[in-house]
Amino acid sequence: MATPTIGATDGPRREISPDARSHESAFKYRPELDGLRAVAVYLVVAFHSRLGWFRGGFIGVDVFYVLSGFLVTSILLGDLRTTGSINWPRFYARRVRRLLPAALLALLVTAIAYSVVASPAEMQDALGGFRAAFLYVANWFFIRQSTDYFAAGAVGSNPVLHFWSLAVEEQFYIFWPALLGGLYFVAKRAGRQRWVVLRGFVLAFGIVSAIEALYIARTNLDRAYYGTDTRAYQLLAGAFLALTPQLFNASERVRRPARVCAALALVALVFTGTAALDLGPISRGVVAAVLTAVVIVALGEADGGAARGFLSWRPLTYLGRVSYGTYLWHWPVVVLVTHDRDIDPVPLFILATLGATGLAMLSFHLLERPVRTSRPLDRVKLPVIAVGLVSSALMGLLVMPAILDRTSSSVAAQSISTGTKTGLRLLDWRTARADVPKLPDCLHAPIDRCAAVRGGGRRVLLVGDSIARMWLPTFTEIAKRESFQLSVAIYPGCPWQRGLQYAGAAVVTRQCDAHQKDWYDRVVPQYAPDIVVLAQAPYDDPIRSNRFLGPDGRVVDARSEQFEPFLQARSADSLRALMTAGRRIVIIEPTPRPPDPFDPLSCISEGRSRCTYQASRGPTPLEQFFRQSASPPQIVTLDLDRVVCPRLPTCDPIVDDIIVKRDVNHLTATFARSRAAEVDNLLRRTHVLG
């Protein structure tokens, strides 16, 4: 008997009604729930393949959670109803036999395959995720890493990022039996009303969890999306259904309406996963959880009907039975096939679907089903649990480092010298990879929380995306040297231009829009900066240009005639909004970045001695627009190309014994700090200072 997990199925089972007034007949196997799993898993595959129409396809995970809460609670209630207690060894042994074999195999094969295509630096980045996946804490690991699930592209992403959702379920399986057993013990004091009391507890906990998720999402979306506590409401929604068998014992009169309701709810659920619905991920998850609950109940009541017939279609139910494996394999397939190459969404979806489903079928028939149905293993429950836990720990703590951490930190590339003496040194590529400045954020909070340096002199505000964050150590040193007060209005992936937003996941757009409005409507007026420093990514770089949402909601990219005029109009409007008497505005021009798919740090980590690259020549049209808009000293532009690449047009990976870049786009914090004197001199030369 298997665990109902993401994409998993238990096959036929007896699910006993907990209500004393209900008949003692079992809930029979429902093939349509396997069909629903298949729909859910391919929604997730579509989302991870970047299919534009399914930008909300991540709700497939929300569907899985409701199903898992429903099915695993039904199993536990079978024990409680018949014996008054939970058979702990049997429950956990079956969870181990269902979950671990497929997961261990997927993680091991993924690690080996990734070590073949990835650089040592990339493997080092991924190692922590593999460890966390084996130890069932991947969701909390990615919260700590501030991993943006929605902005993460396929290229360069952690190949086990998707294990965050499995970690949430595994944590639920660990704690839910004890909590349910405790609640059942307390509720028994209510006598005949014990099931009503138990439902009340579960419903209350679920509502609190949903409210917590919606509240936390306002300021920390990663925490709200990955957190076990902020996901509990979906699992508890399924548990509530299992605790309420009356929902599945209605009269014959409701069967025909139930058919219509099931079909409409299923269509609405799929629609919730499309880009047509403009909702944040947490709100979308709440909607998906409610619709999934409606589908489960309506399908249980419907005797036939289009929705039940479709979801009970044998090929679809088979895909649902192997969907646990499909979920395990699809993201590694996406990451591996897009490593160092770009694949259009439709071909990528086809590759991911075929590859993941094929691997899932092999895993199901050769490993998962034999282990799950083994009679000898069914007789040794405690040893099965012990072997499973020890295997996970050994794989995470010993085997993964042996596969993914096999190189030294020494560098072969030569450092060039500019004669600058800062006392700073950074030659360990592992340290360089993680050399990111801490970022204060005062969204919907007092603006003093935006302060990076407190002082009594002029007020400086650094505004922009992750490129602005990159320059934070530089301006921190300048502020200390000049006794400035430095604050930041920075959100990664969010341009300083008001109304300019990347075309990507809807959540990125919504978060950026909230930050931009807060910057322009509250932070700038209240802080009243004397100097505003603006920094941005090279939006119209001919090597790797970006895509944005136009005023009509359509995508505007480099192929559109409106691309440059659109960027310039947004920039001009924002500059006008920032201008006021006596204020200086500094626009930092984008610095050179290497051509695709070259990454200087990955090159260094491979021990290669030649890791230089050539900067693209000439300013982009947007840079030319900035220079034309400049009116020193009120508005000035800073060309920092020679600060980053002293031998321009040749860019060196190591300057003055400091690794320059931590990835293709961003300087290391140490290098940015070391250039403070140069940037300070440029600000004085342009009369911004002095």
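**Sheet, disulfides and helix packing**

In the predicted model, Leu461 has Val532 of strand 6 as its bridge partner. This bridge belongs to the pairing of strand 4 with strand 6 (residues 531-535), which is parallel and extends over 5 bridges. Strand 4 also pairs with strand 5 (residues 485-490), again in the parallel sense, over 6 bridges. Strand 4 itself spans residues 459-464 and is mostly covered, with 5 of its 6 residues buried.

These pairings are part of an open sheet of 6 strands, arranged in the order 3-5-4-6-9-11. The pairing within the sheet is mixed. Strands of a sheet pair through backbone hydrogen bonds, in either the parallel or the antiparallel sense. The edges are formed by strand 3 (451-453) and strand 11 (635-638), each of which pairs on one side only. On average, and with direction ignored, neighbouring strands of the sheet are turned by 25° against each other.

The crossing of helix 20 over helix 27 is right-handed. On the side of helix 20, the contact is made by Thr474, Phe475, Glu477, Ile478, Arg481 and Glu482. Helix 27 contributes Ala676, Ala677, Val679, Asp680, Leu683 and Arg684 to the contact.

A further helix pair is formed by helix 2 (residues 59-83) and helix 11 (residues 281-301), whose axes come within 9 Å and cross at roughly 45°. This angle makes helix 2 oblique to helix 11. The crossing of helix 2 and helix 11 is right-handed. Ile59, Asp62, Val63, Val66, Leu67 and Phe70 of helix 2 make the contact with helix 11. The residues of helix 11 involved are Arg284, Gly285, Ala288, Ala289, Thr292, Ala293 and Ile296.

A search of the whole structure for disulfides returns 4. With the bonded cysteines of the protein numbered in sequence order, the pairing is 1-2, 3-4, 5-6, 7-8.

One of the disulfides joins Cys442 to Cys450, with an S to S distance of 1.7 Å. The torsion about the S-S bond is -60°, and the link of Cys442 and Cys450 is left-handed. Cys442 has a relative accessibility of 3% and therefore counts as buried. Cys450, at 2% relative accessibility, likewise counts as buried.

Another disulfide connects Cys494 with Cys512, at an S to S distance of 2.2 Å. This pair links distant parts of the chain: Cys494 is in the loop between strand 5 and helix 21 (506-527), whereas Cys512 is in helix 21, and the two are 18 residues apart. The link of Cys494 and Cys512 is right-handed, with 80° about the S-S bond. Both Cys494 and Cys512 are buried.

Cys603 and Cys611 also form a disulfide, with their sulfur atoms 2.0 Å apart. The torsion about the S-S bond of Cys603 and Cys611 is about -80°, so this disulfide is left-handed. Cys603 and Cys611 are both buried. Cys261, by contrast, counts as partly exposed because its relative accessibility is 34%, where the limit for buried is under 20%.

Conventions. Residues numbered from 1 in each chain as written. Predicted model: local features only at pLDDT ≥ 70, side-chain atom pairs only at ≥ 80, totals over all residues. Heavy atoms only, no water. Buried < 20%, exposed > 50% of the residue type's maximum accessible area, 1.4 Å probe, protein only. Helix = DSSP H or I, 4+ residues; strand = E, 2+ residues; numbered from the N terminus. Pairing = 2+ DSSP bridges. Disulfide = S-S within 2.5 Å. Left-handed = near helix turned anticlockwise from the far one by under 90°. Contact = heavy atoms within 4.5 Å. Axes fitted to C-alpha atoms, helices over the stretch in contact; angles between N-to-C directions. Parallel < 35°, antiparallel > 145°, perpendicular 65-115°, else oblique.
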